[in-house]
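Here are my notes on the model you sent. Please read them with the structure open.

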Amino acid sequence: MLTITLLSLLGLILLFVGFLNNIGLSRTIAVLGLVAGLGSMLFLDQDILTFSGLETQLSFDSYAIKFSSLILFLSVFILFLSGKFIKKDYVQSAEFLAVLIFSLVGALMLTSFTHFITLFVGLEILGISLYILAGTDKKSPGSNEASLKYLLLGAFATGIILFGMALIYGATGSLDFQAIANLGQAKIDSSLFKFGLFFILIGLLFKVSAAPFHFWSPDVYEGSPNVVMLFMSVVVKIASFAAIYRVFGNYLNNYSFFWWDIVYYATLASLVIGNLLALVQKTVKRQLAFSSISQTGYLLFALLVIPNDQTVNGLVFYLFVYGCAVLVAFSVLTDWFGTDPNVKLDQLKGASKSDQMGSFALTIAYLSMAGIPLTGGFFAKLFMFTPAMESGLVQLLIVGILSSVVGATYYLRPIINVWFSSETPVLEKGNSYQWIAFMAGTLLLVAGVFPDTISNLIALI
Amino acid sequence: MNPLYLILTPLAAAILGIGVGKRAFIQQILALLVMLGGLGFLLQVHLHGFENSQISYPWINSFGIYFALSVTKINFWFLALTSLVVFAALFYHLSQEEDKIRTDVIALIYSLQFFLFGVFMAQDLMLFYFFFEASILPIYFISSRYGSPAAERATLKFFLYTLFGSLFMLLGVLFLYSKNGANDFLFSSFGSLGLSGENQGFLFLAFFLAFAIKMPLFPFHSWQVDAYAESPVETTILMSGILLKMGIYGMIAIVLPWFPMGVKEYGHIFIALSAFGVVYGALIAIVQTDIRRVLAYSSLSHVGLIGCGILAYSDIALEGAVLQMFAHGINIAGLFFISEIIAKQTGTRDLDQLGGLTKSSFGVTVLFFLFLLGSIAVPLSNGFPGEFQLLMGLFGYNIYLGIFCGLTVIFSSVYMLRMFQKSMLGKPSESLKFTGLNFTQGIGLGFLASLVLIFGLFPEMISSISDSALQILLRAY
């Protein structure tokens, strides 16, 4: 609660600071506020500054703190990266920053809810902020389209979740997850309850952009400004996974006989569709969007195995590594192409000639997404695969492995373009965000050679 | 002797190599020192006993993965060959003019050596897998960056092909882990799991696929020839000389002792296929006109014979396989080295355009012929004892198979001598300029060529160390 309160205040303050028309100041306040939020999340008791009534509906247990800290940690760097975008004269910088911070409030609620109401409020805060953020590049038709598309489809998915909640309430008379987790047999068998679960699962699968509910994500990702896409594929992904795992991995795991098959086929579909469609993409962002769908497939492995602390830590590790990799990719892209939202893969050709450091970081990032050893992605995949093997999901693993090979094919394309082309590219040659690429790249290497340092940290929280 | 010394030397050399930059002479001294250091280390281990040369540190606690390395009697010659082949590749690179020397290539070659040492010494299956897969990266980067335009495609194919194979191995590794009650990946706990025949069959296929692609055995070889022919010669030397030995090592150290029932069930199919590959490779080599392609197909043929020998499960053939893998590594590295010298100076690799080079350089002629003899497996050359034992073992396994594979003796002399004849003998063509070896090339090749003779005369140097361990390995069966 403490951090949520702090962040809400921070958002309000940022709106007022906006009057000063000083982007640098707003951004500094936002970054400092986020760092303070991260500190309070890690080191302070979350029960301070809570509102009566809410303490039973939000619980910052170690599960929530793990995901929340990861969200806040990565958001700090995303804020830095937003610099180039919000300095454009037609972008409302104060509102942008404030809405970004507000969306984090929603994200944190999604990691910590214990009640359907807080789940729903979290989804809505995050969702509505994102509809706005997706459209912030208001002179770009793509951005407008993304915003509208996301609003329509997102609202539809939220509606489905809400409908599911109503059904579950009708079946059980409760909206508290703990109470629903311990139901008697008679209530579980009711078809109202089953339909309710089904709708909630579908809605959440939509939010994590698992196939076949993925159709919104490539278009929305592509149309949104780069920094918003980065935010969606990192922070929103972490928050939605925190939510789906909290619902189905933690609370409702007893009912896995019912939802397990659906998740299983969604996993298969995400792996196959995400990887195959990524093969034919021509722009960097669309490729990353489809790759994000396939990564969702790997992440869903966590729901299919026996839930325990190790699975949760593996999930956080995976999200951390994936987040770092996307962060590197976008900071390098921003250095090279500014805020251009439609960078083609071909535009990367020969980039290593003008920026070796950036190319190196980009290589590590893509190798990590492909899951090649020496980068964190290898262990991230391993930590997902091992429990799956222990649960005997051999067919799923075979699909996972084959799609990894397909994945390697397209993840190597940017690397090939950057290093092995004789062409000379047109780059902006700024290197203001090189430090982010450098830092996140180093983290990827550390996670790839000494994964224990990272996973011990995660286990410690 | 702590194996950390051995495995960390190439890493230190990589850093030093970057620091030294383009000063060829110092780089050469460094390469020589790394090679001699590696061999010296192994000699020390041999003299002071293998039991002192093992370490094990916890690496990833939550999954019970250890950084466990050890020099054993089985990996001993693989480690020695790694030092030698890396030395050959580096010496080729350093024998060029100084402006062609690239520090990133040097650093990548040393890092490859690091990974290879890791693969051969690992005593933890996940560590083995980690190094096994990481070893693709240096090759991929050198080859794509400095190869011909066609090399980019060829190495991408190589990368994806081997990734495909090794991911199936990963599946096998995870399956073994899930069967292992001790929750670790240590080699020592996998030998005695008492797996059912069905499981062993599945595991055999998973591991065999990875190793067979790496070696490559027929019919998994389609990446090989293009990758060998189009890459820069440094990577070709490394790929043919030592990278494929990872596959051989995996077959000997993992597949044979752990999945004997799998080998029994499926082995004969793959023996037949590789035996076909032996003759197939040799026949194609006979009609190739590109020197590199002749050598690439000859390598397919030789390695196929080694694969047959390992799967045949006989003492003699397995000992022969180790002898032959060592000999093949040295010979093929030497041959690719020389072929590139010829190609660079004359500007062509086409056998029809070459000819009469003996007149220009006596040194190249002698060295070329020595490696050639080793490759044909003439008695008193290093290739002979291994090939002889392999064929003897195969005759014991199945007489018709033995006869079929025996054809390779004839064929290999045909394609090798044809290559020699067309490139070195005959009338020198006016347009070809050939000056022979420079000093660095002379040293590097001379050293390798001396090994052809030494190991031809004293093959028991290899057998005395590895045979006892190989027999124990087969007894477990």
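1. In what sense do strand β1 and strand β2 of chain B pair, and over how many bridges? In this predicted model, β1 (residues 54–60) and β2 (residues 65–70) of chain B are antiparallel, with six bridges. I55(B) sits opposite L69(B) of β2(B). The two strands make a hairpin with four residues between them. In its turn, G64(B) has a positive phi of about 65 degrees.

2. Next, the domains of chain B. Domain 1 covers 1–155 + 217–246, and domain 2 covers 259–477. Their C-alpha centres are 21 Å apart.

3. Where the domains of chain B meet, 31 residues of domain 1 are in contact with 37 residues of domain 2. On the domain 1 side, α2 (24–48), α3 (76–94), α10 (224–230) and α11 (233–258) of chain B each give two or more residues. α3(B) has the largest share, nine residues. By class, this side of domain 1 has 20 nonpolar, nine polar and two charged residues.

4. Now the contact between chains. Here 22 residues of chain A are in contact with 23 residues of chain B. On the chain A side, α17 (376–390), α18 (394–419) and α20 (451–460) each supply at least two residues. α18(A) gives the most, with 10 residues. The chain A side divides into 15 nonpolar, five polar and two charged residues.

5. Last, a helix check in chain A. Helix α3(A) (residues 62–81) has 20 residues, so at 1.5 Å a residue it should span 28 Å. Its end C-alpha atoms are 29 Å apart, which agrees. α3(A) is mostly covered, with 15 of its 20 residues buried.

Methods: Residues are numbered from 1 along each chain as its sequence is written. Chains are lettered from A and ligands numbered from 1 in the order in which they are written. This is a predicted model: local features need pLDDT of at least 70, side-chain atom pairs count only at pLDDT 80 or more; totals for chains, interfaces and linings use all residues. The expected span of a helix is 1.5 Å times one less than its number of residues. A residue is buried if 20 or more other C-beta atoms lie within 10 Å of its own, exposed if 12 or fewer, and partly exposed in between; C-beta atoms are placed from the backbone. Two residues are in contact if their C-beta atoms, placed from the backbone, lie within 7 Å. Ala, Val, Leu, Ile, Met, Phe, Trp, Tyr, Cys and Pro count as nonpolar, Asp, Glu, Lys and Arg as charged, and the others, Gly among them, as polar. Two strands pair if DSSP finds at least two bridges between them. Domain bounds come from an automatic or database domain assignment.
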